[in-house]
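User: I'd like to go through the charged side-chain pairs in this one. Can you take a look with me?

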Amino acid sequence: MNILQNYINGQWVNSHSAETINVVNPATKEILALVPYGEATRKDIDDATAAAHQAYLDWKNVPVIKRIQPLFRLKQLLEENRDEISHLITLESGKTLAESVGEIQRAIENVEVACATPMLMQSDFLENIATGIDEFMIRQPLGVTACIAPFNFPAMISFWFLPYAIATGNSMIIKPSEKVPLTMMKIFELLHQLDLPKGLVSLVHGGKATVDGILDHPQIKSVSFVGSTAVARYIYARGTANGKRVQAQGGAKNPVVVLPDADIEMTSQIITDSVYGCAGQRCLAASVVITVDDDRKVKESLFEAAKSRTVGYGLNKGVDMGPVISPESKTRIEGLIDKGIAEGASVLLDGRNMKVTGYETGNFISPTILENLSLTGELIKTEIFGPVMSLIHMKTVDEAIAFINQGVYGNMACLFTSSGSSARKFRNESMAGNIGINIGIAAPMAQFPFSGWKDSFFGDLHGQGKHAIEFFTQTKVVVERWPKEWTRRF
């Protein structure tokens with residue numbers, strides 16, 4: 001089986017590392033490819049950075065209106081290759097084909113927004129800030145930038161950063177997750193078709209050694225990361241200690257509050273999609289469902305909706321939920337379910353020891369619902385990152401908001417209600433970066449930043465939209481005076 005190559009200086013090249021790990025289909029356990037790994041991959045980062053820096057020196061002086069032209073072609077290529085890319089996403093990540101198609105659409109939307117960079121980069125000008133003196137601000141690119149991407153969205157998340165970095169005049173190195181490198185390999189085949197300078201975009205495989213090579217390299221000026229909170233904190237600390245600009249999206253424990261006046265049938269379906277979509281492996285998956293006042297009907301409706309979901313291979317028709325990414329993830333998630341039970345939770349729906357006919361070795365867990373969790377236990381605070389709903393009950397919306405705000409995470413919080421005043425109170429008082437009202441996945445569209453508070457985000461500027469433009473540029477303020485007597489000399 002061939003070892004995956006890096007893409008450096010406009011061509012496919014072998015890694016310096018002879019060490020590899022397997023890329024495995026989580027549903028079938030088929031080995032899809034071998035990906036470079038190990039300490040020697042740091043040399044790959046050196047090569048990519050050298051090429052990226054040379055490309056940046058010319059690219060930064062290309063007019064912005066010309067820099068965005070390849071993005072129009074990239075949008076077209078992504079649309080033309082949507083089916084193949086979606087198939088690859090499902091093969092290596094396990095999500096359903098419909099979920100993969102939706103992921104590609106989100107990536108395309110970010111390319112579309114980045115095409116507006118000539119307008120988004122416009123800054124401020126003030127004439128006669130003092131007598132005969134004008135002052136204005138301009139935005140200039142940083143240089144070589146890097147993206148360290150997670151496994152759960154092999155295509156979309158890199159596009160929170162890549163098109164904006166290019167459009168604003170930077171070069172970029174992408175390190176995909178070693179678990180799901182094939183999707184980005186295909187996307188770089190498409191990037192190779194664009195009229196981009198050699199070295200402007202690079203793809204380097206690897207694990208922690210590659211990450212550390214990015215964090216330590218003096219010519220890499222910024223790092224964009226999405227992953228767990230523990231790794232996000234590490235990325236932010238080491239990157240900023242080396243003088244880099246860092247945006248690091250971390251984990252979550254997303255609460256959803258259901259008020260008695262909510263439409264129960266609609267609410268249950270939306271929440272079920274949120275909890276179990278992508279097998280719960282997304283940073284905006286609902287995790288804790290808080291019922292307020294009468295909870296019996298809500299609980300029954302959630303149970304029926306969760307029980308009805310079909311678990312299986314994501315390429316097969318009729319499948320609502322695929323496997324989790326690895327045997328280690330399956331073991332960890334089932335262990336957390338066990339921990340919740342040990343802490344006093346009862347099992348309303350048990351998804352452990354799941355077997356799918358024809359795919360008995362796959363990493364499957366079916367929808368699980370735990371109720372009556374201890375509010376002081378470990379499970380109520382721990383990101384499960386799997387298809388597990390924790391169902392708890394509170395007396396008032398104020399009590400629910402207080403519970404949300406005392407948590408360490410702040411990625412998303414959602415409310416289901418027909419009351420405008422309750423919705424306004426919730427969006428104003430809940431301490432989370434993404435708020436949903438009668439929405440189960442409060443995923444910002446590409447025009448808006450993907451927000452996050454507390455231990456769900458480390459940095460100042462988020463991915464997507466105008467935040468991305470600001471992150472990938474540095475401001476320069478110019479103060480000018482042109483006295484008339486000087487101009488008469490010329």
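User: What do the side chains of Glu103 and Lys95 do?
Analyst: In this predicted model, the side chains of Glu103 and Lys95 meet in a salt bridge, with an N to O distance of 2.9 Å.

User: Is Glu103 buried or exposed, and what about Lys95?
Analyst: Glu103 is buried, having a relative accessible area of 1%, and Lys95 is buried as well, with a value of 5%.

User: How many salt bridges turn up in the whole structure?
Analyst: A search of the whole structure gives 21 salt bridges.

User: OK, switching to Arg238: which residue does it form a salt bridge with?
Analyst: Arg238 pairs with Asp216, and their closest N and O atoms are 2.6 Å apart. Because Arg238 belongs to helix α10 (residues 229-241) and Asp216 to helix α9 (residues 208-216), the pair ties together parts that are 22 residues apart in sequence. As for accessibility, Arg238 is partly exposed at 27%, and Asp216 is partly exposed at 26%.

User: Which residues are linked in a network with those two?
Analyst: Arg238 and Asp216 are linked with Arg42, Lys208 and Asp212 in a network of salt bridges.

User: And where do Lys339 and Glu378 sit in the chain?
Analyst: Their side chains meet in a salt bridge at 3.6 Å, N to O. This pair links distant parts of the chain, 39 residues apart, since Lys339 is in helix α13 (residues 327-342) while Glu378 is in the loop between β15 (368-371) and β16 (388-394).

User: How accessible is Lys339, and how accessible is Glu378?
Analyst: Lys339 is partly exposed, with a relative accessible area of 32%, and Glu378 is also partly exposed, with 41%.

Definitions and conventions:
Residues numbered from 1 in each chain as written. Predicted model: local features only at pLDDT ≥ 70, side-chain atom pairs only at ≥ 80, totals over all residues. Heavy atoms only, no water. Salt bridge = Lys/Arg side-chain N within 4 Å of Asp/Glu carboxyl O. Buried < 20%, exposed > 50% of the residue type's maximum accessible area, 1.4 Å probe, protein only. Helix = DSSP H or I, 4+ residues; strand = E, 2+ residues; numbered from the N terminus.
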